[in-house]
Amino acid sequence: MRIGNNPEKTASNLVVENYHRIVIPVYIPNFEGYFEQAFEVFRLCLESILLTIHEKTRITIYNNNSNDIIKNYLDSKYEESKFIDQVFHSKENLGKINAILAAVKGNLEPIVTITDADVLFKHNWQSEVEVILKNFPQAGMVSPVPSSIAFNNRTANNWIYALFRGKLFFGSVIDPLGLQRLDDSLGNEIKFYKKVHLEKYLILKNKSNNQEAVMGCGHFVATIRREVFDKGTAEPAFIKIQKGVEGKFIDLPNEELGFLRLATKNNLAYHMGNRTEKWMYEEFELLKTIKPNVSIDYNDLKSSIRFNFIQMKIGRLISRILAKKTFRDIFFKYKGLSNSEITEY
């Protein structure tokens, strides 16, 4: 039986007070072996976010069936911080992408940062990412972590942009230590970055306002326009973290919308991995001495999609051509790399 009318039926449309949402999937099932220090790593991650975000930000944490200690910690942080307005607990590990999609689809913010639970954020990461989104309205995906080797990873639209509106050149890496720490954190026997990668990366410049950004980016931490998620497939991901699942749900939609894929020139976040190190605590202490970023007018962040299927096809063709060493070497030489640098790059 129902008595009276639900007042929400006459409520006006939702008003979104914030424009930037951060989504953090977390999976820490125990504190043994690989996960021995995962809780402390995650704590550093979350606290670094809380110390560096502006007032127009809110946080969603998706608990993928973690240990009860993690669950209790998340609940306490939810009660403690005004920025953490959503904590979801799943009794099954649904994987990173499904956690992200569930959080994004259930929220209205136009800008979404997705991050792994082992990222240490630095001061100004948010403002510098947002400035790139402002000055590159065609950017759909911007990471606060530059990579010298991501220039040809789903960047078809970047090449077209460079031909008609921008300029491409090799610039000096601002923070080589940041790249080195990223390489070390991955735990690979063979390092990704060679000497030249720590010295130079490919930069895209918007000739109309002189904004510069590094070509390409990864997605262990990235700020993405929600149009990318709206464009993506509505089907669930039946693979947790492997076999290019992020490419299908994030990279491909970003490219098909005609968006650019960029990164900040400065290294503004660190991938920590599953073990803490002394330098992480030193970086964390610095965050306490500086005030958080100031938000900017969201109207300045609105996207400008000029999707052209033919242009994207041309961009993909350029990408395939540059994937061949002979053509890539010619291009690198034209852009100013020496013969020894070309060989190493």
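Colleague: What should I keep in mind about the model before I read its features?

Modeller: This is a predicted model, in which local features need pLDDT of at least 70 and side-chain atom pairs count only at pLDDT 80 or more, while totals for chains, interfaces and linings use all residues. Residues are numbered from 1 along each chain as its sequence is written, and side-chain values use heavy atoms, with hydrogens and water left out.

Colleague: How many residues of helix α5 are buried?

Modeller: Buried means under 20% relative accessible area, exposed means over 50%, and partly exposed lies in between, with a 1.4 Å probe and protein chains only. Helices (H or I, at least four residues) and strands (E, at least two) are DSSP runs, numbered from the N terminus. Helix α5, residues 156-164, is mostly covered, since seven of its nine residues are buried; among them are W159, I160 and Y161.

Colleague: Which kind of aromatic pair do F42 and Y73 form?

Modeller: Rings of Phe, Tyr and Trp (its six-membered ring) pair if their centres lie within 6.5 Å, and planes under 30 degrees apart count as stacked, over 60 as edge-to-face and the rest as tilted. By this rule the count comes to 16 aromatic pairs. F42 and Y73 form an edge-to-face pair, with 6.1 Å from centre to centre and 80° between the planes. Because F42 lies in helix α1 (residues 38-50) and Y73 in helix α2 (residues 68-80), this pair ties together parts that are 31 residues apart in sequence. F42 counts as buried at 0% relative accessibility, and Y73 counts as buried at 14%.

Colleague: Why is the pair of F331 and F332 called tilted?

Modeller: The ring centres of F331 and F332 are 6.0 Å apart and their planes stand at 50°, so the pair is tilted. F331 is buried, with a relative accessible area of 16%, and F332 is buried, with 1%. Ring pairs also link F331 and F332 into a cluster with F151, W159, F170 and Y345.

Colleague: How many salt bridges does a search of the whole structure find?

Modeller: A salt bridge is a side-chain nitrogen of Lys or Arg within 4 Å of a carboxyl oxygen of Asp or Glu, and the search finds 22 of them. In one, R21 meets E109, with the closest N and O atoms 2.9 Å apart. Since R21 lies in strand β1 (residues 20-26) and E109 in the loop between α3 (96-105) and β4 (111-115), the pair ties together parts that are 88 residues apart in sequence. R21 counts as buried at 2% relative accessibility, and E109 counts as buried at 5%.

Colleague: Is E40, at 26% relative accessibility, buried or partly exposed?

Modeller: E40 counts as partly exposed at that value, and R43 also counts as partly exposed at 26%. E40 forms a salt bridge with R43, the closest N and O atoms being 3.0 Å apart, and both lie in helix α1, three residues apart, about one turn of the helix.
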